[in-house]
Amino acid sequence: MTASPAPLAANARARLANTRRWVIKVGSSLVTAKGQGLDHEAIRDWCTQIAALRASGKQIVLVSSGAVAEGMARLGLKKRPGALHELQAMAAVGQMGLVRAYESEFNTHGIKAAQILLTHDDVADRDRYLNARGTLNALLEFGVVPVVNENDTVATDEIRLGDNDTLGALTVNLTEADLLILLTDQDGLYEADPRLVPDAQLVSEAALTDTRLAGMAGDSKGVLGRGGMRTKLNAAHTAARSGAATIIAHGRRPDALMQIARGETIGTLLTPALGVMTARKRWIAGQLQLRGKLHLDEGAARVLREQGRSLLPVGVVRVEGDFSHGDLVALIDPSGVEIGRGLCNYDADEAARIMGAKRDELAARLGHVGEPEIVHRDNLVVGPTHR
Ligand SMILES: Nc1ncnc2c1ncn2[C@@H]1O[C@H](COP(=O)(O)OP(=O)(O)O)[C@@H](O)[C@H]1O
Ligand SMILES: N[C@@H](CCC(=O)OP(=O)(O)O)C(=O)O
(Lines give C-alpha, C1' and ligand atoms only; values in the text may rest on other atoms or scores of the structure.)
(Ligands and ions follow the chains in the order given, each with its own letter.)
Protein backbone atom coordinates (compact mmCIF):
# COMPACT_ATOMS: atom_id res chain seq x y z
CA MET A 1 0.00 0.00 0.00
CA THR A 2 1.29 3.47 -0.76
CA ALA A 3 0.26 6.77 0.77
CA SER A 4 2.06 8.60 -2.01
CA PRO A 5 2.25 7.99 -5.76
CA ALA A 6 4.52 5.06 -6.69
CA PRO A 7 5.83 4.17 -10.17
CA LEU A 8 3.72 1.01 -10.15
CA ALA A 9 0.61 3.08 -9.44
CA ALA A 10 1.45 5.42 -12.30
CA ASN A 11 1.69 2.44 -14.71
CA ALA A 12 -1.50 0.85 -13.47
CA ARG A 13 -3.31 4.15 -13.82
CA ALA A 14 -1.97 4.74 -17.32
CA ARG A 15 -3.16 1.27 -18.33
CA LEU A 16 -6.58 1.87 -16.81
CA ALA A 17 -6.83 5.23 -18.53
CA ASN A 18 -6.73 3.41 -21.85
CA THR A 19 -9.48 0.91 -21.06
CA ARG A 20 -12.78 1.18 -22.87
CA ARG A 21 -15.74 0.44 -20.62
CA TRP A 22 -16.23 2.25 -17.32
CA VAL A 23 -18.97 2.22 -14.69
CA ILE A 24 -19.13 5.55 -12.84
CA LYS A 25 -21.14 5.75 -9.63
CA VAL A 26 -22.13 9.02 -8.01
CA GLY A 27 -23.30 8.80 -4.42
CA SER A 28 -26.25 10.41 -2.66
CA SER A 29 -23.87 12.66 -0.76
CA LEU A 30 -22.84 14.26 -4.07
CA VAL A 31 -25.94 14.24 -6.25
CA THR A 32 -27.97 16.23 -3.80
CA ALA A 33 -27.06 19.70 -2.68
CA LYS A 34 -27.02 19.25 1.11
CA GLY A 35 -30.43 17.61 1.11
CA GLN A 36 -31.94 20.49 -0.86
CA GLY A 37 -32.71 18.42 -3.94
CA LEU A 38 -30.49 17.73 -6.89
CA ASP A 39 -27.26 19.60 -7.41
CA HIS A 40 -27.82 20.52 -11.05
CA GLU A 41 -24.45 22.18 -11.42
CA ALA A 42 -22.63 19.04 -10.29
CA ILE A 43 -24.77 16.90 -12.62
CA ARG A 44 -23.93 19.25 -15.50
CA ASP A 45 -20.24 18.93 -14.73
CA TRP A 46 -20.24 15.08 -14.67
CA CYS A 47 -22.30 14.96 -17.87
CA THR A 48 -19.81 17.29 -19.60
CA GLN A 49 -16.92 15.06 -18.55
CA ILE A 50 -18.81 11.90 -19.57
CA ALA A 51 -19.50 13.47 -22.97
CA ALA A 52 -15.75 14.04 -23.40
CA LEU A 53 -15.05 10.44 -22.37
CA ARG A 54 -17.64 9.21 -24.88
CA ALA A 55 -16.05 11.34 -27.60
CA SER A 56 -12.70 9.70 -26.86
CA GLY A 57 -14.27 6.29 -27.56
CA LYS A 58 -15.17 5.12 -24.07
CA GLN A 59 -18.42 3.40 -23.18
CA ILE A 60 -19.86 4.71 -19.94
CA VAL A 61 -22.52 3.36 -17.59
CA LEU A 62 -23.59 5.84 -14.95
CA VAL A 63 -24.96 4.56 -11.64
CA SER A 64 -26.60 7.44 -9.85
CA SER A 65 -28.11 7.67 -6.39
CA GLY A 66 -30.33 10.53 -5.34
CA ALA A 67 -33.90 9.35 -5.91
CA VAL A 68 -34.81 9.26 -2.24
CA ALA A 69 -33.07 12.56 -1.49
CA GLU A 70 -34.73 14.31 -4.44
CA GLY A 71 -38.11 12.83 -3.47
CA MET A 72 -37.65 14.17 0.06
CA ALA A 73 -36.87 17.63 -1.32
CA ARG A 74 -39.86 17.55 -3.68
CA LEU A 75 -42.22 16.53 -0.89
CA GLY A 76 -40.66 18.91 1.64
CA LEU A 77 -39.33 16.28 4.08
CA LYS A 78 -36.31 17.27 6.18
CA LYS A 79 -35.63 13.81 7.60
CA ARG A 80 -35.19 10.52 5.74
CA PRO A 81 -38.33 8.47 6.55
CA GLY A 82 -37.85 5.17 8.38
CA ALA A 83 -40.77 3.18 6.95
CA LEU A 84 -40.00 1.24 3.78
CA HIS A 85 -43.18 2.32 1.98
CA GLU A 86 -42.40 5.96 2.63
CA LEU A 87 -38.88 5.53 1.32
CA GLN A 88 -40.30 3.81 -1.75
CA ALA A 89 -42.69 6.69 -2.28
CA MET A 90 -39.79 9.16 -2.02
CA ALA A 91 -37.79 7.16 -4.55
CA ALA A 92 -40.73 7.02 -6.97
CA VAL A 93 -41.11 10.80 -6.88
CA GLY A 94 -37.39 11.56 -6.90
CA GLN A 95 -36.37 9.17 -9.68
CA MET A 96 -38.44 11.32 -12.07
CA GLY A 97 -36.28 14.34 -11.28
CA LEU A 98 -33.08 12.36 -11.44
CA VAL A 99 -33.57 10.97 -14.94
CA ARG A 100 -34.94 14.27 -16.16
CA ALA A 101 -31.82 16.08 -14.99
CA TYR A 102 -29.49 13.57 -16.66
CA GLU A 103 -31.52 13.44 -19.84
CA SER A 104 -31.53 17.18 -20.32
CA GLU A 105 -27.80 17.52 -19.54
CA PHE A 106 -26.80 14.67 -21.86
CA ASN A 107 -29.08 16.15 -24.54
CA THR A 108 -27.01 19.31 -24.65
CA HIS A 109 -24.09 17.11 -25.75
CA GLY A 110 -26.18 15.20 -28.28
CA ILE A 111 -26.01 12.05 -26.13
CA LYS A 112 -28.99 9.77 -25.53
CA ALA A 113 -29.49 8.44 -22.01
CA ALA A 114 -31.57 5.46 -20.85
CA GLN A 115 -33.06 4.63 -17.46
CA ILE A 116 -32.24 1.18 -16.04
CA LEU A 117 -33.77 0.21 -12.71
CA LEU A 118 -32.43 -3.03 -11.27
CA THR A 119 -33.30 -5.18 -8.28
CA HIS A 120 -31.29 -7.82 -6.51
CA ASP A 121 -33.21 -10.53 -8.41
CA ASP A 122 -32.17 -9.06 -11.75
CA VAL A 123 -28.58 -9.92 -10.98
CA ALA A 124 -29.12 -13.07 -8.89
CA ASP A 125 -31.45 -14.95 -11.26
CA ARG A 126 -29.60 -16.45 -14.22
CA ASP A 127 -32.14 -15.60 -16.96
CA ARG A 128 -32.78 -12.12 -15.68
CA TYR A 129 -29.05 -11.55 -15.32
CA LEU A 130 -28.48 -12.46 -18.96
CA ASN A 131 -31.42 -10.32 -20.00
CA ALA A 132 -30.14 -7.25 -18.11
CA ARG A 133 -26.67 -7.88 -19.50
CA GLY A 134 -27.99 -8.07 -23.05
CA THR A 135 -29.92 -4.83 -22.68
CA LEU A 136 -26.99 -2.94 -21.18
CA ASN A 137 -24.64 -4.20 -23.88
CA ALA A 138 -27.11 -3.23 -26.61
CA LEU A 139 -27.45 0.29 -25.17
CA LEU A 140 -23.67 0.69 -25.05
CA GLU A 141 -23.32 -0.50 -28.63
CA PHE A 142 -25.96 2.10 -29.64
CA GLY A 143 -23.83 4.78 -27.98
CA VAL A 144 -26.39 5.43 -25.23
CA VAL A 145 -25.37 6.22 -21.64
CA PRO A 146 -27.41 3.96 -19.32
CA VAL A 147 -28.31 5.69 -16.05
CA VAL A 148 -28.75 2.93 -13.46
CA ASN A 149 -30.36 3.00 -10.02
CA GLU A 150 -31.91 0.40 -7.75
CA ASN A 151 -35.60 -0.15 -8.41
CA ASP A 152 -36.40 1.17 -4.94
CA THR A 153 -40.17 1.16 -5.42
CA VAL A 154 -40.38 -2.63 -5.71
CA ALA A 155 -37.38 -3.76 -3.65
CA THR A 156 -38.56 -5.04 -0.28
CA ASP A 157 -36.26 -4.98 2.75
CA GLU A 158 -35.11 -8.58 2.29
CA ILE A 159 -33.99 -8.12 -1.28
CA ARG A 160 -32.75 -4.54 -1.20
CA LEU A 161 -29.18 -3.89 -2.17
CA GLY A 162 -29.59 -0.66 -0.20
CA ASP A 163 -26.44 1.11 -1.30
CA ASN A 164 -25.43 1.95 -4.82
CA ASP A 165 -21.78 0.97 -4.34
CA THR A 166 -22.92 -2.66 -4.47
CA LEU A 167 -25.16 -1.88 -7.44
CA GLY A 168 -22.22 -0.23 -9.21
CA ALA A 169 -20.04 -3.30 -8.71
CA LEU A 170 -22.78 -5.65 -9.93
CA THR A 171 -23.16 -3.42 -12.98
CA VAL A 172 -19.43 -3.84 -13.59
CA ASN A 173 -19.91 -7.63 -13.50
CA LEU A 174 -22.95 -7.41 -15.79
CA THR A 175 -21.20 -5.34 -18.41
CA GLU A 176 -17.69 -6.81 -17.92
CA ALA A 177 -16.48 -3.24 -17.50
CA ASP A 178 -12.79 -2.55 -17.02
CA LEU A 179 -13.03 0.05 -14.29
CA LEU A 180 -15.41 1.04 -11.47
CA ILE A 181 -15.19 4.69 -10.42
CA LEU A 182 -16.90 5.53 -7.14
CA LEU A 183 -17.30 9.30 -6.84
CA THR A 184 -18.00 10.40 -3.30
CA ASP A 185 -17.56 13.31 -0.87
CA GLN A 186 -13.99 12.38 0.18
CA ASP A 187 -10.74 12.26 -1.81
CA GLY A 188 -10.68 8.48 -1.49
CA LEU A 189 -10.09 5.87 1.18
CA TYR A 190 -8.15 7.25 4.14
CA GLU A 191 -6.35 5.16 6.71
CA ALA A 192 -9.18 6.17 9.05
CA ASP A 193 -12.45 8.07 8.51
CA PRO A 194 -11.26 11.69 8.04
CA ARG A 195 -14.44 12.94 9.68
CA LEU A 196 -13.24 11.28 12.89
CA VAL A 197 -9.45 11.49 12.37
CA PRO A 198 -8.77 14.75 10.50
CA ASP A 199 -5.07 14.05 9.89
CA ALA A 200 -5.60 10.53 8.50
CA GLN A 201 -3.52 9.75 5.36
CA LEU A 202 -5.08 9.10 1.97
CA VAL A 203 -4.35 5.64 0.53
CA SER A 204 -3.22 6.25 -3.03
CA GLU A 205 -3.09 2.63 -4.15
CA ALA A 206 -3.66 -0.77 -2.59
CA ALA A 207 -4.08 -4.36 -3.69
CA LEU A 208 -7.37 -5.81 -2.53
CA THR A 209 -5.44 -8.65 -0.90
CA ASP A 210 -4.21 -6.15 1.71
CA THR A 211 -5.98 -7.21 4.90
CA ARG A 212 -5.43 -3.81 6.55
CA LEU A 213 -7.99 -2.18 4.28
CA ALA A 214 -11.01 -3.61 6.10
CA GLY A 215 -9.90 -1.98 9.34
CA MET A 216 -9.70 1.44 7.67
CA ALA A 217 -13.06 1.61 5.95
CA GLY A 218 -15.80 2.88 8.21
CA ASP A 219 -19.53 3.55 7.87
CA SER A 220 -21.25 6.59 6.45
CA LYS A 221 -21.58 9.60 8.72
CA GLY A 222 -23.56 11.55 6.16
CA VAL A 223 -27.32 12.14 6.42
CA LEU A 224 -27.94 10.80 2.93
CA GLY A 225 -25.16 8.33 2.17
CA ARG A 226 -25.55 4.62 2.82
CA GLY A 227 -22.70 2.35 3.69
CA GLY A 228 -19.69 4.69 3.75
CA MET A 229 -16.27 3.31 2.75
CA ARG A 230 -17.15 -0.15 3.98
CA THR A 231 -19.58 -0.77 1.10
CA LYS A 232 -17.12 0.87 -1.33
CA LEU A 233 -14.40 -1.57 -0.32
CA ASN A 234 -16.83 -4.51 -0.65
CA ALA A 235 -17.87 -3.16 -4.03
CA ALA A 236 -14.21 -3.10 -5.13
CA HIS A 237 -13.96 -6.80 -4.17
CA THR A 238 -17.11 -7.60 -6.17
CA ALA A 239 -15.88 -5.63 -9.21
CA ALA A 240 -12.56 -7.49 -8.96
CA ARG A 241 -14.40 -10.80 -9.50
CA SER A 242 -14.81 -9.87 -13.14
CA GLY A 243 -11.33 -8.36 -13.29
CA ALA A 244 -12.11 -4.67 -12.84
CA ALA A 245 -10.08 -2.24 -10.77
CA THR A 246 -11.80 0.43 -8.66
CA ILE A 247 -10.94 4.10 -8.16
CA ILE A 248 -12.58 5.99 -5.30
CA ALA A 249 -12.35 9.75 -5.88
CA HIS A 250 -13.89 13.07 -4.91
CA GLY A 251 -16.79 13.89 -7.20
CA ARG A 252 -16.50 17.62 -6.64
CA ARG A 253 -12.91 17.93 -7.82
CA PRO A 254 -13.20 19.68 -11.16
CA ASP A 255 -12.13 17.31 -13.88
CA ALA A 256 -11.90 14.22 -11.63
CA LEU A 257 -13.03 11.91 -14.45
CA MET A 258 -10.75 13.58 -16.99
CA GLN A 259 -7.82 13.21 -14.60
CA ILE A 260 -8.53 9.48 -14.38
CA ALA A 261 -8.74 9.36 -18.18
CA ARG A 262 -5.31 11.02 -18.38
CA GLY A 263 -3.87 8.40 -16.02
CA GLU A 264 -3.17 10.98 -13.32
CA THR A 265 -2.87 10.03 -9.68
CA ILE A 266 -6.15 10.92 -8.05
CA GLY A 267 -8.15 9.21 -5.30
CA THR A 268 -7.58 5.62 -4.22
CA LEU A 269 -6.86 2.88 -6.74
CA LEU A 270 -7.83 -0.62 -5.57
CA THR A 271 -6.49 -3.39 -7.75
CA PRO A 272 -7.82 -6.95 -8.10
CA ALA A 273 -6.04 -9.56 -6.01
CA LEU A 274 -5.33 -11.87 -8.93
CA GLY A 275 -4.26 -9.20 -11.35
CA VAL A 276 -6.75 -7.79 -13.78
CA MET A 277 -6.28 -10.36 -16.51
CA THR A 278 -6.38 -13.52 -14.41
CA ALA A 279 -9.48 -12.35 -12.58
CA ARG A 280 -11.16 -11.47 -15.85
CA LYS A 281 -10.33 -14.85 -17.35
CA ARG A 282 -11.64 -16.66 -14.31
CA TRP A 283 -14.83 -14.71 -14.59
CA ILE A 284 -15.18 -15.57 -18.26
CA ALA A 285 -14.64 -19.25 -17.49
CA GLY A 286 -16.96 -19.47 -14.54
CA GLN A 287 -19.74 -16.96 -14.90
CA LEU A 288 -21.07 -16.62 -18.37
CA GLN A 289 -23.36 -18.95 -20.25
CA LEU A 290 -22.07 -20.69 -23.33
CA ARG A 291 -23.84 -19.37 -26.41
CA GLY A 292 -22.10 -21.13 -29.30
CA LYS A 293 -19.06 -22.92 -30.67
CA LEU A 294 -16.26 -22.07 -33.07
CA HIS A 295 -14.66 -25.09 -34.73
CA LEU A 296 -10.97 -24.50 -35.50
CA ASP A 297 -8.48 -25.93 -37.95
CA GLU A 298 -5.33 -27.75 -36.79
CA GLY A 299 -3.07 -24.69 -37.05
CA ALA A 300 -5.32 -22.41 -35.01
CA ALA A 301 -5.84 -25.09 -32.34
CA ARG A 302 -2.06 -25.46 -32.04
CA VAL A 303 -1.20 -21.74 -31.68
CA LEU A 304 -3.92 -21.28 -29.10
CA ARG A 305 -2.74 -24.25 -27.06
CA GLU A 306 0.97 -23.67 -27.38
CA GLN A 307 1.43 -19.93 -27.78
CA GLY A 308 -1.57 -18.36 -26.05
CA ARG A 309 -2.35 -16.29 -29.15
CA SER A 310 -5.63 -14.65 -30.17
CA LEU A 311 -7.96 -16.57 -32.47
CA LEU A 312 -8.08 -15.10 -35.99
CA PRO A 313 -10.99 -15.65 -38.40
CA VAL A 314 -8.71 -17.54 -40.79
CA GLY A 315 -8.46 -20.45 -38.31
CA VAL A 316 -12.23 -20.99 -37.97
CA VAL A 317 -13.88 -23.65 -40.13
CA ARG A 318 -17.41 -23.83 -38.71
CA VAL A 319 -19.68 -21.69 -36.53
CA GLU A 320 -22.37 -23.22 -34.33
CA GLY A 321 -25.12 -21.52 -32.26
CA ASP A 322 -26.92 -18.21 -32.25
CA PHE A 323 -24.75 -15.80 -30.30
CA SER A 324 -24.31 -12.05 -30.12
CA HIS A 325 -21.21 -9.89 -30.08
CA GLY A 326 -19.48 -10.33 -26.69
CA ASP A 327 -21.06 -13.72 -25.89
CA LEU A 328 -19.14 -16.69 -24.57
CA VAL A 329 -18.26 -19.36 -27.14
CA ALA A 330 -16.39 -22.67 -26.87
CA LEU A 331 -13.40 -23.27 -29.14
CA ILE A 332 -13.30 -26.80 -30.55
CA ASP A 333 -10.32 -28.54 -32.17
CA PRO A 334 -10.62 -30.75 -35.30
CA SER A 335 -11.05 -33.90 -33.17
CA GLY A 336 -14.03 -32.35 -31.34
CA VAL A 337 -12.18 -31.55 -28.10
CA GLU A 338 -12.87 -28.22 -26.37
CA ILE A 339 -9.64 -26.20 -26.18
CA GLY A 340 -11.06 -23.33 -24.17
CA ARG A 341 -13.65 -20.57 -24.10
CA GLY A 342 -13.71 -16.91 -24.96
CA LEU A 343 -15.79 -13.85 -25.71
CA CYS A 344 -16.48 -13.55 -29.42
CA ASN A 345 -15.92 -10.17 -31.10
CA TYR A 346 -18.63 -10.96 -33.65
CA ASP A 347 -22.19 -12.28 -33.65
CA ALA A 348 -22.89 -15.72 -35.16
CA ASP A 349 -23.85 -14.39 -38.62
CA GLU A 350 -20.76 -12.23 -38.91
CA ALA A 351 -18.54 -15.01 -37.57
CA ALA A 352 -19.89 -17.35 -40.27
CA ARG A 353 -19.25 -14.69 -42.92
CA ILE A 354 -15.62 -14.12 -41.94
CA MET A 355 -14.58 -17.69 -41.07
CA GLY A 356 -11.55 -18.71 -43.12
CA ALA A 357 -10.93 -15.10 -44.15
CA LYS A 358 -7.51 -13.47 -44.08
CA ARG A 359 -7.12 -10.08 -42.44
CA ASP A 360 -7.27 -8.12 -45.71
CA GLU A 361 -10.53 -9.85 -46.70
CA LEU A 362 -12.42 -8.98 -43.52
CA ALA A 363 -13.78 -5.55 -44.48
CA ALA A 364 -15.14 -6.82 -47.81
CA ARG A 365 -16.90 -9.77 -46.16
CA LEU A 366 -18.33 -7.66 -43.33
CA GLY A 367 -19.17 -4.51 -45.23
CA HIS A 368 -17.32 -2.53 -42.55
CA VAL A 369 -13.94 -2.55 -40.83
CA GLY A 370 -13.90 -5.16 -38.08
CA GLU A 371 -11.61 -6.43 -35.33
CA PRO A 372 -8.73 -8.53 -36.70
CA GLU A 373 -9.26 -11.13 -33.95
CA ILE A 374 -12.43 -13.18 -33.70
CA VAL A 375 -11.57 -13.87 -30.02
CA HIS A 376 -8.88 -11.70 -28.46
CA ARG A 377 -6.39 -13.46 -26.19
CA ASP A 378 -7.34 -11.13 -23.29
CA ASN A 379 -10.84 -12.62 -23.44
CA LEU A 380 -9.76 -16.21 -23.93
CA VAL A 381 -9.25 -19.03 -21.44
CA VAL A 382 -7.36 -22.02 -22.79
CA GLY A 383 -7.54 -25.29 -20.84
CA PRO A 384 -10.15 -26.70 -18.45
CA THR A 385 -12.72 -24.10 -17.50
CA HIS A 386 -14.01 -25.83 -14.32
CA ARG A 387 -17.65 -25.80 -15.26
N1 LIG B 1 -11.47 5.31 5.85
C2 LIG B 1 -12.31 6.20 5.35
N3 LIG B 1 -11.91 7.08 4.40
C4 LIG B 1 -12.76 7.98 3.87
N5 LIG B 1 -14.06 8.07 4.22
C6 LIG B 1 -14.53 7.22 5.16
C7 LIG B 1 -13.68 6.23 5.75
N8 LIG B 1 -14.43 5.51 6.61
C9 LIG B 1 -15.68 5.99 6.57
N10 LIG B 1 -15.77 7.02 5.70
C11 LIG B 1 -17.00 7.79 5.44
O12 LIG B 1 -17.57 7.40 4.19
C13 LIG B 1 -18.27 8.54 3.68
C14 LIG B 1 -18.60 8.34 2.20
O15 LIG B 1 -19.57 7.34 2.05
P16 LIG B 1 -21.15 7.66 1.91
O17 LIG B 1 -21.56 8.66 2.95
O18 LIG B 1 -21.86 6.36 1.88
O19 LIG B 1 -21.18 8.43 0.53
P20 LIG B 1 -21.82 8.13 -0.89
O21 LIG B 1 -23.18 8.71 -0.85
O22 LIG B 1 -20.88 8.83 -1.82
O23 LIG B 1 -21.84 6.63 -1.11
C24 LIG B 1 -17.34 9.66 3.98
O25 LIG B 1 -17.99 10.91 3.99
C26 LIG B 1 -16.75 9.28 5.34
O27 LIG B 1 -17.41 9.87 6.42
N1 LIG C 1 -31.30 4.02 -4.63
C2 LIG C 1 -31.08 5.06 -3.64
C3 LIG C 1 -29.60 5.21 -3.38
C4 LIG C 1 -29.06 4.42 -2.25
C5 LIG C 1 -27.87 5.19 -1.67
O6 LIG C 1 -28.04 6.18 -1.01
O7 LIG C 1 -26.66 4.75 -2.07
P8 LIG C 1 -25.23 5.51 -1.84
O9 LIG C 1 -25.13 6.63 -2.76
O10 LIG C 1 -24.25 4.41 -2.16
O11 LIG C 1 -25.07 5.94 -0.43
C12 LIG C 1 -31.56 6.43 -4.17
O13 LIG C 1 -31.54 6.68 -5.37
O14 LIG C 1 -31.92 7.26 -3.34
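Strand β9 (residues 290–296) pairs with strand β11 (residues 328–332) in the parallel sense, over five bridges. Here, strands are DSSP runs of E with at least two residues, numbered from the N terminus, and two strands pair if DSSP finds at least two bridges between them. Welcome to a predicted model, in which local features need pLDDT of at least 70, side-chain atom pairs count only at pLDDT 80 or more, and totals for chains, interfaces and linings use all residues. Residues are numbered from 1 along each chain as its sequence is written, while chains are lettered from A and ligands numbered from 1 in the order in which they are written.

**Around strand β9**
- Strand β9 is also joined by five bridges to strand β10 (residues 316–321), and these two run antiparallel.
- L294 stands opposite L331 in β11 and opposite V319 in β10.

**The annotated site**
- An unreviewed UniProt entry gives the annotation "binding site" to K25, T184 and D185; such annotations may be inferred rather than shown by experiment.
- These residues spread over 161 residues of sequence, yet they cluster in space, with a largest C-alpha distance of 12.1 Å.

**K25**
- K25 is part of strand β1 (residues 21–26).
- K25 counts as buried because 30 other C-beta atoms lie within 10 Å; the cut-off for buried is 20 or more, with C-beta atoms placed from the backbone.
- Leaving out residues up to four places away in sequence, K25 touches V63, N164, D165, G168, I181, L182 and L183, where contact means C-beta atoms within 7 Å.

**T184**
- T184 sits in strand β5 (residues 179–184).
- T184 is buried too, with 26 other C-beta atoms within 10 Å.
- Beyond residues up to four places away in sequence, T184 touches G27, S29, L30, I248, H250 and G251.

Methods. Helix = DSSP H or I, 4+ residues; strand = E, 2+ residues; numbered from the N terminus. Buried ≥ 20, exposed ≤ 12 C-beta atoms within 10 Å, placed from the backbone. Contact = placed C-beta atoms within 7 Å.
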